[in-house]
Amino acid sequence: VPYDAGYYQFTRLFGSMKEWLVKTVKHLLDNTSVTVVVRIHPGEALHYSGKESSLDTLLEAGLVESSRLIILGAKADVNTYPLMKHCRAGIVYSSTTGIEMAMLGRPVIVASDVYYANRGFTKDCRNIDEYYDNIISASEIDGEEKNQRVSADSAALFYYILHFVQQHPYPYDKAEDVR
């Protein structure tokens, strides 16, 4: 969600989530032959949403004209989880879909310092060149099955420890759930 102020603490390779979205989609369209699917967070459709929208950002950048770009809007009646199974890789900024895709054994390239980065099951980038190299590599190969299984197991273990061990005995994920 581009207007979510919470991600600013994660910013590392790009100045903003908006910049990340435009430059990543443009790089994939210019340098690969893959179909790029952008799933816009359902939170962007809520009545209290911010002034930025991912769709407007992509329209302003002139990227929606590509026949290889599929944009699934915030109100799209699409379940993201089955969609992940059909993706070759995931490229995320700070979304929890990154760890969820990693648990499916998909390569996940992160463009920020999100909590699950640098744990051994994501492709972490020290600089912008490494980031672009990682997204190109992920678009070209399907990956070795053994490495995918090991990454998926590591991601699942991390997710389990974070959500079911460290937060025990409190059955909540976010502070507002305490209410």
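## Salt bridges and ring pairs: a tour

Start with Lys26, which is partly exposed, its relative accessible area being 42%. The model on screen is a predicted one.

Stop 1: Side chains of opposite charge can pair when their charged atoms come close.

**Stop 2: elsewhere in H1.** Select Glu19 and Lys23. What joins Glu19 to Lys23? A salt bridge does, with the closest N and O atoms 3.0 Å apart. Helix H1 covers residues 17-31 and holds both Glu19 and Lys23. Here again the spacing is four residues, about one turn of the helix. Now check accessibility. Glu19 has 27% relative accessibility, so it counts as partly exposed. Lys23 has 40% and also counts as partly exposed, because that value falls between the 20% and 50% cut-offs.

**Stop 3: Arg126.** Jump to Arg126 and show Glu130 with it. Their side chains form a salt bridge, 3.5 Å from N to O. Is Arg126 buried or exposed? Arg126 is exposed, with a relative accessible area of 72%. A search of the whole structure finds four salt bridges, among them Glu130 with Arg126.

**Stop 4: the rings.** Hide the charged residues and turn to aromatics. How many aromatic pairs does the structure hold? It holds six. Select Tyr115 and Phe158. Their ring centres are 6.3 Å apart and their planes lie at 25°, so this pair is stacked. Tyr115 is in the loop between strand E4 (108-110) and helix H5 (128-140). Phe158 is in helix H6 (residues 145-165). The pair therefore ties together parts that are 43 residues apart in sequence. Tyr115 counts as partly exposed, at 30% relative accessibility.

Stop 5: Phe121 lies in the loop between E4 and H5, and Phe158 in helix H6, so the pair ties together parts that are 37 residues apart in sequence. Are Phe121 and Phe158 buried or exposed? Both are buried.

**Last stop: the cluster.** Select Tyr115, Tyr116, Phe121 and Phe158 together. Ring pairs link these residues into a cluster.

Key
Residues numbered from 1 in each chain as written. Predicted model: local features only at pLDDT ≥ 70, side-chain atom pairs only at ≥ 80, totals over all residues. Heavy atoms only, no water. Helix = DSSP H or I, 4+ residues; strand = E, 2+ residues; numbered from the N terminus. Buried < 20%, exposed > 50% of the residue type's maximum accessible area, 1.4 Å probe, protein only. Phe/Tyr/Trp six-rings, centres within 6.5 Å; stacked < 30°, edge-to-face > 60°.
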